[in-house]
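Open the model in your viewer and keep the selection panel at hand. This tour goes from one selection to the next.

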Amino acid sequence: MTAFSAIEQSARERLGGGDALESRLIRPEPAESLAMIGDDRYLSVMCRRIFRAGLTHRLVDARWPAFEIAFDDFDPAAVAALDDDDLKRLAADETLIRHRRKIFAVRNNAVAMQAIIAEFGSFGFWLAEWPEDEIVDLWHELRQRFTQLGGRSGPAFLRMAGKDTFMLTDWVVKAMAQWQAYSGKSHTRNAHAEIQALFNGWQAESDRPLCQISQILAFSID
């Protein structure tokens, strides 16, 4: 396995030094903080990620206060209680983003979140307890339980929510190949398991969170 120290050194050189690199790195929320965040905030972040997919993030973020009002501050029980007529009305609301499938996904995901809340007490506790060395399994769990959280949307939601995860962006995939660490398909379940093992090894070496490891990979190449 390629030593992560060499990858990190390349990232430092490309960005102009260790301080410059550190200033660009994000930090995940600790488990105790994740467990304390309200279920409504997780539903809001999840749905914002879904609407961001394929659209300019700035556009979605500018409309989000209107979404908060329209969806009762994303209280899962209130959103799950919306009927089809309510959703059709919201899908025609010009203050929102008129994407019918995504509007209906908001209710679907509120229902799915309620099932987790009923079983674990809160969505935040469920998220906080998931081990980072098995984070790809959480990607697949999100894809199975929720609507429109497949592909990169599941990991992107986790990143937005503060849960530590790596991201398989084009730059990260390219860097793994360039460092001769991993090449080939990166979207299958078997590939995710192989890449998870690779990141776990780098984490043991560097003592960095997964999110920073994936950032450093992206910064390490031209």
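How many residue pairs are in polar contact between domain 1 and domain 2? The count is 9, with both residues at pLDDT 80 or more. A polar contact is a pair of N or O atoms within 3.5 Å; within protein, one must be able to donate a hydrogen and the other to accept it, and residues adjacent in sequence count only if both atoms are side-chain atoms.

This is a predicted model: local features need pLDDT of at least 70, side-chain atom pairs count only at pLDDT 80 or more, and totals for chains, interfaces and linings use all residues. Residues are numbered from 1 along each chain as its sequence is written, and side-chain values use heavy atoms, leaving out hydrogens and water.

**Stop 1: the two domains.** Select 4–28 + 166–220 for domain 1, then 31–161 for domain 2. These bounds come from an automatic or database domain assignment. Over C-alpha atoms, the two centres are 27 Å apart.

**Stop 2: the interface.** Here 14 residues of domain 1 contact 13 residues of domain 2 (heavy atoms within 4.5 Å). The two domains bury about 1,200 Å² between them, 56% of it on carbon and sulfur atoms. Buried area is the accessible area (1.4 Å probe) that two parts lose on being put together, summed over both.

Now pick aspartate 170 and arginine 152. Their side chains meet in a salt bridge, 2.6 Å from N to O. The term means a side-chain nitrogen of Lys or Arg within 4 Å of a carboxyl oxygen of Asp or Glu. Between the domains, the count is 1 salt bridge.

Next, show helix 13 (189–206) and helix 14 (210–219). Each supplies at least two residues of the domain 1 side that touches domain 2. Helix 13 gives the largest share, 5 residues. Helices are DSSP runs (H or I, at least four residues), numbered from the N terminus.

Stop 3: The structure holds 15 salt bridges. Select arginine 208 and glutamate 22, whose side chains form one at 2.5 Å, N to O. Arginine 208 sits in the loop between helix 13 and helix 14, glutamate 22 in helix 2 (residues 18–24), 186 residues apart.
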